[in-house]
Amino acid sequence: ADPTVAESKPVSFTVQADGAAQIGYQWFRSNTTAAAFLPIGDAQTATYSIPFVTFVADDQSYFYCVVSNGFSYVTSRVARLTVTADNIAPNVVKASGTPFFTNAIVSFSEAMDVATLNTNNLSIVDSNGVALAILKTVPSLTLTNVTLNTAPQTPGMRYTVTVSTNVWDASSSSNRLTVATNVQFTAFVLTRGFLLREFYLN
């Protein structure tokens with residue numbers, strides 16, 4: 001089938017083949033049926049995946065796979081990829097602390113533009129209104145989360161993260177956050193626990 005995928009989402013193409021000897025795969029791509037199809041690097045398995053499609057680069061692109069063994073080869077049908085543009089503004093979903101007391105994770109409703117996830121566009125204050133320094137921002141591979149490396153947090157303290165409207169998503173439309181958004185998290189608390197250690201002898 002010819003897939004239709006929303007922008008910033010993943011897509012996969014798969015072929016099935018049976019035959020003697022070792023089977024090889026090579027996927028090809030073209031951005032128009034009028035242009036030559038070129039082999040895709042590192043696309044030599046039965047499934048080819050694009051983890052993050054964009055409207056500009058991937059809409060109305062075409063793919064096929066050549067399957068071969070030591071005796072012959074066969075070419076799959078051409079599949080057309082349609083990408084629907086993203087015109088929806090992102091949202092901040094939540095913030096959470098970590099056991100390390102120097103990290104906080106902010107989650108978004110969709111993949112975000114890495115360049116906008118910086119210390120100028122995110123800030124943190126504690127429940128007393130005192131700023132907590134953000135030393136570095138580290139986006140996740142999916143671009144839906146960003147880890148904030150912070151100065152040491154006070155255990156049990158309630159913190160508020162503010163995300164400004166200068167943050168936007170990774171789509172071709174660069175949809176901005178519509179309003180500056182506050183999300184809260186509580187820093188972890190260290191408590192005394194117990195460890196059960198058991199030995200079993202033959």
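## Pockets and paired strands

Let's start at a pocket: β2 gives three residues, the largest share, to the lining of the second largest pocket. Keep in mind that this is a predicted model, where local features need pLDDT of at least 70, side-chain atom pairs count only at pLDDT 80 or more, and totals for chains, interfaces and linings use all residues. Residues are numbered from 1 along each chain as its sequence is written, and side-chain values use heavy atoms, with hydrogens and water left out.

A few terms first. Strands (E, at least two residues) are DSSP runs numbered from the N terminus. A pocket is an open set of points on a 1 Å grid over the protein atoms alone, where a 1.4 Å probe fits, with protein on both sides within 12 Å along at least five of seven lines; its lining residues have an atom within 4 Å of a point. Grid points are joined across faces, edges and corners, and the volume is the space filled by probe spheres set on them.

Back to that second pocket. Besides β2 (11-14), β6 (61-68) also gives two or more residues to its lining. Among the lining residues are Phe13, Trp27, Phe63 and Arg77. In the table, Ala, Val, Leu, Ile, Met, Phe, Trp, Tyr, Cys and Pro count as nonpolar, Asp, Glu, Lys and Arg as charged, and the others, Gly among them, as polar.

| Pocket | Volume | Lining residues by type |
|---|---|---|
| Largest | about 370 Å³ | nine nonpolar, six polar, four charged |

In the largest pocket, 19 residues make up the lining, and Glu7, Ser8, Lys9, Phe52 and Ala111 lie nearest the centre.

Now for the strands, which count as paired if DSSP finds at least two bridges between them. Four of them form an open, antiparallel sheet in the order β9-β10-β14-β13.

Elsewhere, β15 (residues 158-163) pairs with β11 (residues 122-126) through five antiparallel bridges; here Ile124 has Val161 as its bridge partner. Six bridges also join β15 to β16 (residues 181-186), again antiparallel, with Val163 partnered by Thr181.

Methods: Helix = DSSP H or I, 4+ residues; strand = E, 2+ residues; numbered from the N terminus.
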